[in-house]
Every structure is written in structure tokens, then in C-alpha cells.
Amino acid sequence: MVECFIRVNSCCGGQIVNEVSSMTYNQCPEAMKKPYDYEALVSNQYAQSGRLKIAIVGFGNFGQFLAKAFVRQGHVVFAHSRTDYSHIANSLGVSFFQDPHDLCEQHPDVIVLCTSIISTEPVLRSLPIQRLKRNTLFVDVLSVKEFPKNIFLQVLPTHFDILCTHPMFGPESGKDSWKDLAFVFDKVRIGEGKSRTARVDRFLDIFEKEGCRMVPMTCAEHDRYAAGSQFITHTMGRVLEKLDLETTPINTKGDSFDLYYGLFMYNKNAMEELERLDLAFEALKKELFGHLHEVLRRQLFGKAEEAGARRVLAKLPKNGYALPAPSSDAIKSQNN
């Protein structure tokens, strides 16, 4: 007779006691006979219920912010971070793992990288991905998109799925509701099979259910748009910071310099936007000083000299286009 042994916990006088039971092979639970089949069965049960096992790597403010929505919608959430956030995780209904090996052995369906732009590559390379299921979905939430896309494609084997996203909101702007807030995404690499396409759709559905405005967009398109809006906005904030303005009761909270540096360093369009901003400043100064010169001349000479037409700031060309050459009339008026 073939026997198998199973260690069970029994309750004795309010204490948990370990016992070893012997039984025939036919009496053994299915989980002991076919552990891998059992794991697949559990995974299928999760899939049928619509629940995902989501692991958040980088459990700072933004990771915690996303975790609340994941838990609220009934998904199982794990977390890992260099800092011990176990107390916060427990309060949110999240299982925290200090060791990334332990996290990966939970075999999550989705891994969401919530790191800073600068630390994304070293954190990704540090993960023991050999312990994951072969078709695990990797997601990023960075403010730049081509950079994480390229890192994912370089580091991850081809059997892993890749979804690049950018929630265009954060813990402050989305603290009350995500309704009508933009969520940009690019399905970079999703393997064949209904289960894999259904999984990425279930993940995106989390944000759609929260009321987000879903915006499918390639990573390259995102970075072009972001350089002309997000990066310039951050730049103006940094310029104002250098002015050392007085603190007021209505100050707004700024982002970290690491985020700003990441927006510049890892978006190839940022340098061009910075150059255009410099040109815009110069053009604006010329317009202001030109107008001031005309006012001073009128004050000095009165009606004895009719001032010419005031120069108006020309609109800067779009990204990638050279500034137009000055007209012959403009050159003549400057020479006169």
C-alpha cells in the first residue's frame, strides 16, 4: 500500500497543534497529488471570479494610492518596497513582503512598478523574475513612456506581457474621485490567448470602473504631448522656485526634483521643448522692451515723432519646425 503523509493543524484547548496523518494515496487531497494542477485550478478560479492577484513594487504614496482602488474592487493585492510599509499595508488589506523572492513566489497575475523614473531599471533587474509565472503581466505607471517600454523589452523575456500606462492624476488630484481623469495606456506586448487578453482588459477595467477617461496612445505619442505640457509646466515651477518667492497661505505643493529630472532625462523631446521655451522668453523680452522703447519715445518727443506699429510676439512654431526668417519690412524698420 502506498501511503502519503500530511501535516495538519488541529485545535486543542485553544492551541494549535501540529499533527501528522497517514492515509492511502487514493485518500490524499488532489493538492498533494498534483500540486501544479492544483495551482492552475486556483488560478483559473481567480480568473473566473474576475479577481486579479496584483503585486505593487514600490509601495510609497502612489503605490498606496493605487492599492486602495485595487482592494476596493475586490482584487488580492501584494506589495514590496525597500522601506518597511507592513503596518500601512495591513491597514489597507494588502499583504506586504520585505523580500522580493517571497513576493514573486505568490505568483501574481500582474506586477505594477510604482518606482521613480530613475530607479525603474535597477528595481526591475533586481526582481527574481524566474520565480514568476511565465506569462505574468508587467505594468508601469511612470510619467514618461518610451523609457519604461524600452527597458521592459530589453529586460523581460518574450513570454511576459507588457502594458505601459500613465494615470494623469495622483493622490492629491484624485483623492476624492477619478471620474473623468485621463488614464493613458499602450498595450506594448500581449501574448496570444483569451486568458491573457482578458487579464489585461480586467486590469484596465479597474480604472474604467473608477470613472477614468481611458486614452489609448502609443508611448511615442505620449512623450511628444507630455514634453509640451507636463515638462514645461514643471519647468516653470522650478523657475519660480529659483526666485525664492515668499511663502503664502495659498502655496501649492510641488513634486520632487527626481521626478522633474526624470521628465527631462528620459523624454527625448524635453530638450527641444526647453530650447523653445528659451526662445519664447527671448521673444517675449524683445516685445516688452520694444513696447517700452516706444512709450519712452512718445513721452520724450510727444507728437513730433509718430511711433511705428508696435511689434507683436509671433507665435512659436510647433515642435520640430524652425523659426521663420524675419520679413524684409521688419528688417527695414529695425535698420531705420
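This report covers the salt bridges, the cysteines and one surface patch of the structure above. The model is predicted.

**Salt bridges**

The whole structure holds ten salt bridges.

| Aspartate 109 | Lysine 133 | 2.9 Å |

Start with aspartate 109, which forms a salt bridge with lysine 133. This pair links distant parts of the chain, 24 residues apart. Aspartate 109 sits in the loop between helix H5 (100–104) and strand E6 (110–113). Lysine 133 sits in the loop between helix H6 (120–126) and strand E7 (137–140). Both aspartate 109 and lysine 133 are buried.

Aspartate 201 belongs to helix H8 (residues 194–209) and lysine 187 to strand E9 (residues 182–189), so their bridge ties together parts 14 residues apart in sequence. Aspartate 201 is partly exposed, at 39% relative accessibility. Lysine 187 is partly exposed too, at 40%.

One network joins Asp161, Arg196 and Arg199 through salt bridges that share partners.

**Cysteines**

The structure has zero disulfides. Cysteine 104 is buried, with 0% relative accessibility. Cysteine 212 is buried as well, at 8%.

**Surface patch**

Phe289, Leu292 and Leu296 make up a nonpolar patch on the surface. Together they have about 310 Å² of accessible area. Leucine 296 lies in helix H11 (residues 270–301). Its relative accessible area is 41%, so leucine 296 counts as partly exposed.

Conventions
Residues numbered from 1 in each chain as written. Predicted model: local features only at pLDDT ≥ 70, side-chain atom pairs only at ≥ 80, totals over all residues. Heavy atoms only, no water. Disulfide = S-S within 2.5 Å. Buried < 20%, exposed > 50% of the residue type's maximum accessible area, 1.4 Å probe, protein only. Patch = residues over 30% accessible without salt bridge, like charges linked within 9 Å, V, L, I, M, F, W, Y side chains within 5 Å. Areas by Shrake-Rupley, 256 points an atom, 1.4 Å probe, with all protein chains shown as cover. Salt bridge = Lys/Arg side-chain N within 4 Å of Asp/Glu carboxyl O. Helix = DSSP H or I, 4+ residues; strand = E, 2+ residues; numbered from the N terminus.
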